[in-house]
Amino acid sequence: MGQRSNTETIIAILKAFLDQRTWKQADLARHVGVQAATIHKRLLELTANGVPLESEKDHPHVFWSVPKSWYPGGVLLTGEQMAQVLRQLSRLPKSKARNALIESFLKYLPRPSGTPSLVPAETTEREEQYLPVIEDAANQGVALQFRYFTANRGSEGTRHASVHRVVLGPPARFVATCHRSGTLKWFRVESVSDAKLDPREPFREADSKEVDAHLRASLDGFHEGGPAAKHVFFVSDPDARWVARNLMEAMGFEEVPGGIRVTVETAAPKRLARFVVGLGASAKALTPALEAEVLALAQGAIEANAAK
């Protein structure tokens, strides 16, 4: 093996660990181009100077490794990986944090020329401000204290909730156990203010299967309480062709003579009725509960407009 200076050896060792997190001592010595005794000495010197190297003996070998998250000052990415991260960041809703990250990456990558081809969704100021603390509440299992504007009451009040799922939308929402009612509820981030973690309030666990069932029974972020029920409606041609491609999540359809038959199992019949009414004369409810909701909405609209 050739002669290397101590500096060259240290640089080669650090580069080796950036490329691969675990090395057999003998393999590392061959890779760097020094004797086994020399590599052992340099590794001990690096450990003594704060490099988080860990050794493990498995006779007759010695393995050296660094933590997966280790990199002086950050995380090492190749140029190709940075380009992929930049692509993913560009697809995220616009926010100050997202824009700052993109600018950081563009310091090391060619800046795209021309007009941006991607048009990402917009993040509201409240979503940008409160989503991080809501996510922390869910990830850390800590109760969330926040002020919330309830639209049907037209008032705002302070409450606690245990967050179980965060749905980014748009709009961003989260499913949590409401500490007032003790039930699972949807909350819209745009209606949140003054949110903070409150470790003094006990976090209320929820069975993951129950939370998943709540999500499945919801429609467009609405769950009106009670069990999910099966609802069916018909959409006639030619509107059925575009409706079939623009159904809400959880809606399924089958082609039938003259159009499509749409089926959905949900605990949000009022939200479903708004969707059906929005299709006008091309849609017809086929189940009694949905028909009642559709007629109530339609009658209300007729009366409100007739009064004017």
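## Basis of strand pairing

Two strands count as paired if DSSP finds at least two bridges between them. The model is a predicted one.

## Overall form

The chain holds ten helices and twelve strands. Its radius of gyration is 29 Å, well over the 19 Å that the globule rule gives for 308 residues, so the chain is more spread out than a compact globule. The C-alpha trace spans about 95 × 50 × 40 Å along the principal axes.

Strands of a sheet pair through backbone hydrogen bonds, in either a parallel or an antiparallel manner. In this chain, an open sheet of four strands is ordered β10-β11-β9-β12, and the pairing is antiparallel. At the edges lie β10 (252-256) and β12, each of which pairs on one side only. On average, neighbouring strands of the sheet are turned by 25° against each other, direction ignored. Helix α9 (residues 269-278) packs on this sheet and touches β9, β11 and β12. The direction of α9 makes about 0° with that of β9.

## Pairing across the sheet

Five bridges connect β10 to β11, and the two strands run antiparallel. Here F253 stands opposite V262 in β11. Strand β11 (residues 259-266) is also joined to β9 (residues 229-236), by eight bridges and again with antiparallel direction.

Residue F233 has partners in two strands: in β11 its bridge partner is V262, and in β12 it stands opposite A285. Read across the sheet, F253 faces V262, V262 is the bridge partner of F233, and F233 faces A285.

## Helices α4 and α5

Two packed helices are described by the angle between their axes and the distance between the axes. For α4 (residues 79-91) and α5 (residues 96-106), the axes come within 10 Å and cross at roughly 155°. Angles over 145 degrees count as roughly antiparallel, and α4 and α5 are therefore roughly antiparallel to each other. The crossing of α4 with α5 is left-handed.

From α4, the contact uses M82, V85, L86, L89 and S90, which meet R98, L101, I102, F105 and L106 of α5. Eight of the residues in this contact are nonpolar, one is polar and one is charged.

Terms used. Residues are numbered from 1 along each chain as its sequence is written. This is a predicted model: local features need pLDDT of at least 70, side-chain atom pairs count only at pLDDT 80 or more; totals for chains, interfaces and linings use all residues. Side-chain values use heavy atoms; hydrogens and water are left out. Axes are lines fitted to C-alpha atoms, for helices over the stretch in contact, and angles run from 0 to 180 degrees between N-to-C directions. Angles under 35 degrees count as roughly parallel, over 145 as roughly antiparallel, 65 to 115 as roughly perpendicular and the rest as oblique. A crossing is left-handed if the near helix is turned anticlockwise from the far one by less than a right angle, and right-handed if clockwise. Contact means heavy atoms within 4.5 Å. Ala, Val, Leu, Ile, Met, Phe, Trp, Tyr, Cys and Pro count as nonpolar, Asp, Glu, Lys and Arg as charged, and the others, Gly among them, as polar. The radius of gyration is taken over C-alpha atoms; the globule rule is 2.2 Å times the number of residues to the power 0.38.
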